[in-house]
Every structure is written in structure tokens, then in C-alpha cells.
Amino acid sequence: MPHEKWDSIQEIFLEAADLHPSERAVFVDRMCSGDPEARMEVESLLRADATGESAVCAAIESEIASMLDESLLVGVRLGPYQLLKEIGRGGMGAVYLAERADGQFQKQVAVKMVRPGLDTEFILARFRRERQVLGRFDHPNIGKLLDGGTAANGTPYIVMEYIDGDWITRYCKSKALGVEERLRLFLRVCSAVHYAHLQFVVHRDLKPGNILVDSKGEPKLLDFGICKLLYRDQDGDQNNTVTIGAGLLTPQYACPEQVRGEPVTIASDVYSLGAVCYELMTGARPHIFSELTPQVVEQVVCMQDAIAPSEVARQDNAKLAARLRGDLDTIILHAMRKEPAKRYETVERFADDIRKHLADEPITARPDHFVYRSRKFLRRNRLAVGVGLALLIAFAAGLFSNELRHRLVPGGTRWASLPLTTDHQLASQLQRVELLVVLGDSYAREHDWKDALLAYQQAQAQIPNNLTTDDPALQAWRDRISTGIALAQQGMNEKK
Amino acid sequence: MSEGQSITMLLRDLAAGNKGALDRLMALLYPELQRLARGYMRNERTGHTLQPTALVHEAYARLLQQDQPEYNSRAHFMGVAAHIMRQILIDHARASNAEKRGGKAAKVPFDEVAEVVAERPSAMIAIDDALQELARRDPLKAQLVEMRFFGGMTAEDSAEVLKIPVVQVRRHLRVGQAWLQRALDGTSEPEKKN
């Protein structure tokens, strides 16, 4: 912009800024007539002038605060731990490498400081409750939670096993591991997640950055249950929900219910593991976001189907594409289904399918829209395919649901006496009911009535309306849920 | 010669128009201010937000308390200190930004950048970029804005250092502040990635 023009823009701006707001528009119109560029400049300066300087001050102050936070903490002692250096920083706060200063152990640990500004009271209360469960965790692929407390200034911190390793994705890349080796590594990750699920702990933030592979080639999961410690969910705080969805969670691995701020269950971890597996197989993330705004993230995660892994690989690796096509496409996309109820019911089932694939056995998952795709296939190949193949496909589909029914509803389980109309979806729905009730019970035991109520209500919603059977087993579950709901409501009232 | 005395002399040289004095002054003040900034919080941090102004005043009080230089030198000190404060903060912002990208920016594949951006874009970097652009267009305004935000200097202080009428300083500041604020509003929109 020429000097004279900048000068005149300033003059107009300064004069307009001193006018009464109601007179400005007319004045700017008159002074900038015929020069839309100058007019835009003046108007945007006026708008900025009206907002004051708070944003600038806030940015400077927060930078100072962050600088001082770091320098404050390195060298500081928290309980028996001496902080050595900052090793990471994320939405939740900074992570430091530390060692015990009391000489008891030589062991190095990771200390996670909770970012100032998060709800300290809430975190501490939750931490006290969760540490019982998390502290008991003992699995070779889960980084141990060791300790926790509050620094002198009131900031909560969490002490975890220190793992010197690389992200699982980077590890596989640097070692140039093949598909099978990657899957075997991934299976160990699944076993860790399943272990936690059996104790009713959902990770909620599974991503390569939380899955490190140490020098011995052992994958280690970090931050189990930490996400739950730090954030409330479903407390009606919209802002909070949006922040988690778009900012703090990594949108590439977050499932639809998570970005929508809905309750998170083991199905969410199944989805995130699916996304991690997707990346391990293809080197690409399942979703691409044009912008990282809550709206775009929600739209993409909830509405767009991920491209099949084999299609991603096809572009530059035909051999890999052929390896992924079929089973692995199906398995990964099944884990990543938009509707939680349509994913693998548990991580174990996800892992089972991978094991089956590795053993060349038939997998249990079917491709999405199986019938639709077969129809499309038939249409594409109308001339070449005869009636025989159409029948074969139909037969395969029928056979499948029979086989699955027997697998999912074996004789002797609690659902065994259900009528034989039970199909695949129903079976998985009922399993879900069972899981949710057990989850509700575990919350109830901890007197977490709100979460308990939520679990029971979800369980209730999972029982299909059209299931009119008066099977005693089903009735027993219905009664059980009603009792649970009543109990939880009573608990909530007493708390008030 | 004590540190305070040498700073006083350099300030006097600077006021007399000796450009070399500025570099030496900055080399002397940068570590001092940084040390002070870090030490300051160790003792006095209890919840209140800290402004760079407080740091600069603190630095002045500690470094020059014995020498009690004249107003002219004090204003000069503030101006230089403001510039250094900005430098310290932007150095920190850029370093932690690089660290977030794994400390080895070149090695991080492009697709991981989006994740990093989502975590915490540094508004400080945006401020610095905007100030640099303003300096290219209108260096005086950039300097005044810097003095205001990073040194907590009043229009009178700046007028004294730069030898221009206070009324003019106020006008420049109003434009400069609006300019900076506007640039910052622009960056508060999410960046386009991928």
C-alpha cells in the first residue's frame, strides 16, 4: 500500500474513532467514497479499536505464565520426586521426567502436571477415587500409575511409569515392519485395552501418542483413565464438551459419540483402536479435516465414511493394497462404524478377528452394507455372473448369521433361552445390555449415582422395543435395570 | 564497575545517540531480564497474573537502584527493556512451539502438524508476526506499541525517549493498537490445515 494512502487511512480512522458511534458510518462513507479498499481498512481498524487491547495483553500474560511455569518446575521437588526436565506438553498440561529424590529407588518416572485452569477440585476428587482402580492395574502393556498429589501451589499432579519409547506408528515405520508384525504388535495393545475394560476403565483417548513401543519392542499404553480424571462429561456444560471434542482430543482418533460430547463407552475405545490400526496398516489417518473447528470435526467424524484401507494403499503400493483388501478392510472398518452398537462389541472380539485373519480362518465381521455391495457387484458384472453366484452369495450371508448366532449365543449363557429369531444384531444388543448393567453396578458401588443412572438408562434403551417375548431371563434383566435406576435416582436425591 | 553503573553509562550513551550502546545494552539486559523473570515467579507467584510491565519495573529497580539515573535514562531503559521482553517471550514461544513438534521439526511428517496446531496455537507468535509486519509499514508505530505492551510505558515515557510530542504518540498508539488487535483477531480463527 502506498504511503500516502496508509496516511490517509489513519487520518480517517482517528477522526472516525473520536466520533460518536452513530455518526461513524456516514463519515467513513463520505471519506472513502470510491475506495472500497480504504473503507475496509478503516472499518476493520475501527472494529479492532472497539474491542480494546485485552486479547494482546492476555496473550502476552499467558506466554509469561507458561515460561515461568516451566522454569518454576524444573528442579522442583514434588513429594519424593525431583523434576528433571519437561518431556511433553499437551492439552492437559506439561509432563516432566523425574526421579525419586529420597534415594529409595533409582527409578525414573513421568510426572504429569495438570494445566492451571482446569477444575482442580473435580480432578482431585475423581483422582482419589480412580487411583484405587488404576493403581491396581498390572499388565505388561500398560504404563503404571504410581502416585499423585498436589504441588505447593495447589496444582494436581500424577506420577506414572516413565517409558522411553517411540509412538507405535513411528516405531513400525522406522523398523519397516510388515503387515503381520504390525498386527501382532497391535494385538498386544488390544490385550492391554481389553484388560482395562474388564475392570471398567475406558481409555477415552487412544492414539499413537499414547501407545509407545519401548526399547525391547514392547508396546506400552499411557494415560489409562487419565482423560476421565480430567474432564467432566455429560454435566450439561456445553463449552466443556466442545473443547474436548475439537481441541483436546485428537480428532483423528475420536469416535462420533465423543466429538458429539455423548457418553463414552468401551465402544469408543474400539473405534479409536480401529483408527490406530488403520494408520498402522496404511500410514494414513482415516480422516482429513479441512479445518479443525468443532463443526468440521463433527461433520467429518460423524458423517464421512473413511476410505477403505486398501484404497488408500492402492495409490502407491499395489501389493499392500492386495494384502489389505477383504479381511483387513472389513475388520478395520467394522471397528470404526459410526454407530457404537454396530462396532465389535468388545476389543477382544476385534482382536479375535485379527487373530482369525492371521490364522487364515474366516472372520466374524461382515463388510458394511453387505447386501448392497453384493447387489452392486452383481450389477457391475451382470453379464458375467449367473444366477449361481447370486445364490452363493445369499447362502454365504445366511450361513454366516447362523454361525454367528451359535457363536454369540452359545447354550448355557444367560441369553440362551431367547427365541430363535435372535439374530446377530439382537445378540450383540443384549450383550451390550449386560455390559452396561455391570458397568452401572460398578458405578453404583462407588456411589457415582449419576454415571450409574446413565449406564442403566443406556442398558434399558438397548433392549429392543419389538422384543415382546416374556422369556424369564429377559424379564429378570428388565427388573434388574429398573431396580438399578430407582437406586441411582434415590442416591442422587440423597446427595442433594 | 558495577553492573548498574555500566548500564547507566550505556543508557547515557544511548540517549546521546550512540547506536552501538544499544547492542551492548541489550546483550547485558537480556540475560538479566530473563533471570529476573524466572526468579520473580519463584517467590511471588500466587495466582495473580504477571504483566511484563511488572518485570521491567522490577528489573529497573534491581539493576539501577543505587545509581538513580535521571528520568531520561529511565525512559530509555524502559524502551530497551520492552524490546528485550518481547524478544525473550517470542524466543520462548518459538522454542516451545518447536518442542511441541518433537523438537526436530524437519522429521515430523506433515500430517502430524495438524494435531499440534489443535493443541495450542501460540498467540504470542501471532503478535510478533503482526508487529514485524507493522514495523515494515510503519516502524515508529511498531516501536510505540512494543513499548506500551512489553514495557508498560506511558505515552509520556515514549515521547521522552523518542523526542516526539505526546499528542502524536497517542495518535500513533491508537492506530498501532487497533492494527495489532485486528491482526490478532484474524488469527483467532482456526488455521486451515491439511
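## A strand pair in chain A

In chain A, strand β4 (residues 108–113) is joined by 5 bridges to strand β6 (residues 156–161), and the two run antiparallel. Strands here are DSSP runs of E with at least two residues, helices are runs of H or I with at least four residues, and both are numbered from the N terminus. Two strands pair if DSSP finds at least two bridges between them. Within this pair, A:M113 sits opposite A:Y157 of β6(A).

How much of β4(A) is buried? Of its 6 residues, 5 are, so the strand is largely enclosed by the rest of the structure. Buried means under 20% relative accessible area, exposed means over 50%, and partly exposed is in between (1.4 Å probe, protein chains only).

## What the model is

This is a predicted model: local features need pLDDT of at least 70, side-chain atom pairs count only at pLDDT 80 or more, and totals for chains, interfaces and linings use all residues. Residues are numbered from 1 along each chain as its sequence is written, chains are lettered from A and ligands numbered from 1 in the order written, and side-chain values use heavy atoms, with hydrogens and water left out.

The largest nonpolar core has 66 residues, and the members touching the most others are A:F13, A:I60, B:L25, B:F77, B:I127, B:F150 and B:L180. Its largest share, 12 residues, comes from helix α4 (residues 71–100) of chain B. A core here is a set of buried Ala, Val, Leu, Ile, Met, Phe, Trp, Tyr and Cys residues joined through side-chain atoms within 4.5 Å. A second, separate core of 65 residues includes A:A192, A:V193, A:V296 and A:A306.

Take B:I127: leaving aside neighbours within four places in sequence, B:I127 is in contact (heavy atoms within 4.5 Å) with A:V56, A:A59, A:I60, B:F150, B:L180 and B:L184.

## Helix α20 of chain A

Helix α20 (residues 449–462) of chain A has 14 residues; at 1.5 Å a residue it should span 20 Å, and its end C-alpha atoms are 20 Å apart, which agrees. That expected span is 1.5 Å times one less than the number of residues. Among the buried residues of α20(A) are A:W449, A:L453, A:Y456 and A:Q462.

A:D360 is in the loop between α16 (347–358) and α17 (370–380) of chain A, and is exposed at 72%. B:K163 lies between α8 (155–162) and α9 (166–188) of chain B, exposed at 56%.

A:C57 is partly exposed at 23%, while A:C172 is buried at 0%.
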